[in-house]
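Dear colleague,

A summary of the findings follows it.

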Amino acid sequence: MTRDIPADEQRRLTAHAIKAAGLTLQSVWERYFGITGNADMTEIEAHLYGAFPLSDEEADILTHAVNELINEMPALPRAPYSTHLTTADVVREIGSTGIDS
Amino acid sequence: MNTREDRESAPGVPSPAEGGVDAAERADGSDGSGGTDGLARRLGELARSLHDESDLDTRLVDVVQTALQLIPEASDASISLVKGRRRVEPRAASGALPGVIDDIQSEIGQGPCLDAAFRQRLVRVADMGRDSRWPIFARRAWDAGARSMLCFQLFVEGDTMGALNLYAGVAGAFGQEAEQTGALVATHAAIALSDAKEVRGLNDALVNRDLIGQAKGILMERYKISSHQAFVLLSSASSSTNTRLTDVAASFVHTGDLATKRPPRG
């Protein structure tokens with residue numbers, strides 16, 4: 001398959017995502033291994049430092065493992081609004097049809 | 001954090017020595033070495049039983065029972081699992097009190113367990129009636145009958161953590177020796193539990209690998225594509241439906257259909 005982004009860019013942004021989310025190498029490797037990744041933990045670590053190239057498939061498995069772990073992190077608390085109005089409610093209220101709901 | 005010394009020297013607070021532990025065992029006070037023979041033997045027994053026992057809940061009960069035997073000041077003990085940084089679940093509780101305390105912490109999102117979870121290895125509550133760190137929790141916990149508490153961090157993994165909790169019905173129940181013994185029990189328990197988690201995690205990983213391998217094989221055969229292309233198909237189905245890859249593979253192997261779109265919301 002053809003790449004949409006260079007391998008090095010994928011590697012760099014994957015390493016950045018792991019760091020930004022505060023994921024441990026152990027947890028990343030466990031998920032990666034669980035979804036059919038074949039490199040060992042040392043190889044993954046070396047890969048993230050740019051010292052060990054993974055195949056495109058292994059790199060995508062690693063990417064998917066990282067994204068799953070990020071998706072599973074608890075969301076930050078959000079601030080509530082004063083009302084629960086939706087766009088549709090507002091449109092109905094002002095009698096306009098110019099806005100998509 | 002308020003110091004323990006403040007509380008224990010306060011008038012009207014019972015001295016920890018009134019607990020019921022053999023005075024000889026705490027005679028030197030510094031490291032509890034007066035009772036180390038019995039302590040070492042019990043911890044050895046605990047380590048062996050944790051090693052031999054494969055069932056997690058049985059192991060947790062062993063930890064809690066050992067803590068109660070070694071720390072007579074404690075009237076109740078439990079292990080709490082904190083999930084998602086907020087939900088506190090009691091495990092292996094020795095009575096009803098730990099469950100009540102965990103429910104309060106889950107409900108109001110504050111308390112010693114949650115602090116032991118993510119900030120400190122040991123959280124002491126010498127006198128629940130005078131604790132200003134978690135005012136709402138402290139008032140309700142006091143009413144429920146928890147007058148002093150010790151929480152030891154057992155492990156932190158991702159957004160899940162475990163803590164060993166000791167409870168007493170009187171303020172100022174736990175002295176230095178109780179803290180040291182509790183820390184020893186917690187350390188033994190932490191090691192045993194991390195072994196158990198690792199083994200279980202790897203078993204899960206092997207089952208998942210097999211399942212995803214089957215799904216990839218079916219896709220490769222069906223569409224005459226490479227292993228990498230098959231993975232990309234599964235991966236995009238997983239991302240677009242916000243479903244774990246393992247679950248996507250399981251449902252695909254089971255039904256033969258690859259869900260690629262989230263069902264439209266009504």
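**Helix packing in chain B**

In this predicted model, helix α4 (residues 97-108) of chain B and helix α6 (residues 135-144) of chain B have axes that come within 10 Å and cross at roughly 160°. Since angles over 145 degrees count as roughly antiparallel, α4(B) and α6(B) are therefore roughly antiparallel to each other. The crossing of α4(B) and α6(B) is right-handed.

On the α4(B) side, the contact is made by B:Leu97, B:Val100, B:Ile101, B:Ile104, B:Gln105, B:Glu107 and B:Ile108. The residues that α6(B) contributes are B:Ile136, B:Phe137, B:Arg140, B:Ala141 and B:Ala144.

**Interface between chain B and chain A**

With regard to the two chains, 24 residues of chain B are in contact with 17 residues of chain A. The area buried between chain B and chain A is about 1700 Å², and carbon and sulfur atoms give 60% of that area. Of the area that chain B buries against chain A, 38% is supplied by B:Arg209, B:His228 and B:Phe231, more than by any other three residues.

How many salt bridges are there between chain B and chain A? The count is two. A salt bridge is formed by A:Glu72 with B:Arg244, in which the closest N and O atoms are 3.8 Å apart.

Technical notes:
Residues are numbered from 1 along each chain as its sequence is written. Chains are lettered from A and ligands numbered from 1 in the order in which they are written. This is a predicted model: local features need pLDDT of at least 70, side-chain atom pairs count only at pLDDT 80 or more; totals for chains, interfaces and linings use all residues. Side-chain values use heavy atoms; hydrogens and water are left out. Axes are lines fitted to C-alpha atoms, for helices over the stretch in contact, and angles run from 0 to 180 degrees between N-to-C directions. Helices (H or I, at least four residues) and strands (E, at least two) are DSSP runs, numbered from the N terminus. Angles under 35 degrees count as roughly parallel, over 145 as roughly antiparallel, 65 to 115 as roughly perpendicular and the rest as oblique. A crossing is left-handed if the near helix is turned anticlockwise from the far one by less than a right angle, and right-handed if clockwise. Contact means heavy atoms within 4.5 Å. Buried area is the accessible area (1.4 Å probe) that two parts lose on being put together, summed over both. A salt bridge is a side-chain nitrogen of Lys or Arg within 4 Å of a carboxyl oxygen of Asp or Glu.
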